[in-house]
Amino acid sequence: MAITNQYVKDLDREYVFHSWSTQGTLNPLVIAGGEGSTVWDYDGKRYLDFSSQLINTNLGHQHPAVIAAIQEQAGALTTIAPATANLMRGEAAKRIIEQAPAGFKKVFFTNGGADANENAIRMARLFTGRDKVLSSYRSYHGNTGSAIVATGDPRRVPNEYARGHVHFFTPYLYRSEFNAQTEAEETERALRHLRRVIECEGANSIAAILLESLPGTAGVLVTPAAYMQGVRQLASEFGIMLILDEVMAGFGRTGKWFAFEHYGVVPDLITFAKGVNSGYVPVGGVVISEQLSTYFDTHFFPGGLTYSGHPLAMASIVASIDTMRAERVVENAHEIGEKQLGPRLRELQQRHPAIGEVRGVGAFWALEFVSDKATRAPLAAQTMLALKNRLMERGLLPFVVENRIHVAPPCIITAEEVEAGIAILDEVIGCVLS
């Protein structure tokens with residue numbers, strides 16, 4: 001039987017329950033295959049992937065070195081209990097520690113980013129003997145118990161079952177919560193706000209501050225370096241663990257191995273997933289500082305997962321990191337951002353009044369659309385949907401959130417592919433918003 005788009009869609013709608021959805025209204029895009037920065041359906045329609053799916057295919061689709069490593073590992077050892085030692089888990093952890101800042105010792109592997117954040121929170125609570133976790137209203141940390149409550153966006157509201165979570169506002173000058181006019185004002189006032197939250201919640205009750213190094217789903221909000229340095233100082237002053245969530249921004253996405261490298265700070269715990277192996281096999285983890293690692297040498301850690309350090313996932317990490325080093329993928333993301341994505345997206349802003357702000361770094365950018373540049377009123381949801389649909393018709397896969405298009409192609413994208421994608425954006429914005 002020849003497989004068609006309609007057959008796959010019918011199969012999906014009959015049997016598959018989708019996340020974050022009202023099931024009866026779904027009309028999912030069908031994808032049959034991919035290579036590099038391109039995917040296609042069963043009818044042969046091709047799409048340039050400007051979303052990296054969920055900002056995870058940093059190496060693009062079907063990188064042959066990673067596929068070969070998974071296949072080779074499947075032939076040797078497909079699965080083993082996490083209490084055993086397996087070669088690939090050790091090699092994967094070693095490579096991650098090599099890329100982490102000095103002072104990091106071990107890696108705890110999870111199934112994805114959400115349970116990476118869960119376990120980092122658990123470690124911080126155990127180490128400090130405290131309970132509360134502070135996190136930003138503009139954040140997304142996953143859809144499991146503590147991770148979704150740590151999340152600031154409205155998806156947490158029907159899921160607020162975990163205890164001890166407090167939210168605060170982080171810098172976002174374009175829509176400042178602090179009536180700031182400059183980045184310096186925004187930074188100073190945001191830090192003053194955080195200090196007051198810590199004081200009012202009781203510093204001795206706070207185990208951790210959990211932040212995305214560069215908030216992704218919330219809008220690709222490039223945090224001022226001085227703010228992150230101030231947060232690090234506050235955490236140290238009050239004996240609070242600083243957990244930086246690198247699930248979306250880590251492993252090359254911002255043109256550095258870790259996004260926090262842009263700020264000159266070092267956290268106590270790093271969470272990761274997505275880009276560490278381009279999502280080829282589900283995996284995540286926590287990179288643990290030597291201080292915490294030493295603590296758990298003599299204190300029991302009450303946590304674990306059946307698939308922690310799964311051999312297929314570990315092989316994909318080893319191959320991914322080796323490939324990123326050999327092919328200068330992180331450097332490519334930096335150069336693409338500096339020389340093409342940044343300049344070309346800012347040119348779009350000059351041509352299209354509906355683009356209120358352009359922000360980003362590396363292969364991680366956002367176009368924020370407004371209906372009025374003076375008031376900065378967000379562009380209507382219906383119009384954003386029209387933009388998304390037209391972009392897909394033209395063969396470009398966007399990542400659309402609220403009044404924003406996030407431009408996050410694979411970190412391996414070429415200059416020619418960037419130009420092709422920007423041309424489609426230019427055409428569609430002009431057509432829909434003319």
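**Briefing: local contacts and helix packing in a predicted model**

Leaving aside neighbours within four places in sequence, His-406 is in contact (heavy atoms within 4.5 Å) with Phe-50, Gly-216, Thr-217, Gly-219, Val-220, Trp-365, Ala-366, Phe-399 and Val-401. The model is predicted, so local features need pLDDT of at least 70 and side-chain atom pairs count only at pLDDT 80 or more, while totals for chains, interfaces and linings use all residues. Residues are numbered from 1 along each chain as its sequence is written, and side-chain values use heavy atoms, with hydrogens and water left out.

**His-406 and strand S16**

- His-406 lies in strand S16, which covers residues 404–407; strands (E, at least two residues) and helices (H or I, at least four) are DSSP runs numbered from the N terminus.
- His-406 counts as buried because its relative accessible area is 1%; buried means under 20%, exposed over 50% and partly exposed in between, with a 1.4 Å probe and protein chains only.
- The side chains of His-406 and Arg-404 are joined by a polar contact of 3.0 Å. Such a contact is a pair of N or O atoms within 3.5 Å; within protein, one must be able to donate a hydrogen and the other to accept it, and residues adjacent in sequence count only if both atoms are side-chain atoms.

- Helix H10 (residues 311–326) has 16 residues and spans 22 Å from its first C-alpha to its last, close to the 22 Å expected at 1.5 Å a residue; the expected span is 1.5 Å times one less than the number of residues.
- Of the 16 residues in H10, 13 are buried.
- Ser-316, in H10, has a relative accessible area of 0% and is therefore buried.
- The Ser-316 side chain reaches the backbone oxygen of Ala-313 at 2.6 Å.
- Beyond neighbours within four places in sequence, Ser-316 is in contact with Val-66, Ile-70, Asn-277 and Val-281.

**Gln-349 in helix H11**

- Gln-349 belongs to helix H11 (residues 329–351), and it counts as buried because its relative accessibility is 16%.
- Not counting residues up to four places away in sequence, Gln-349 touches Ile-355, Gly-356, Glu-357, Val-358 and Lys-373.
- The C-alpha atoms of Gln-349 and Asp-426 are separated by 9.7 Å, although these residues are 77 residues apart along the chain.
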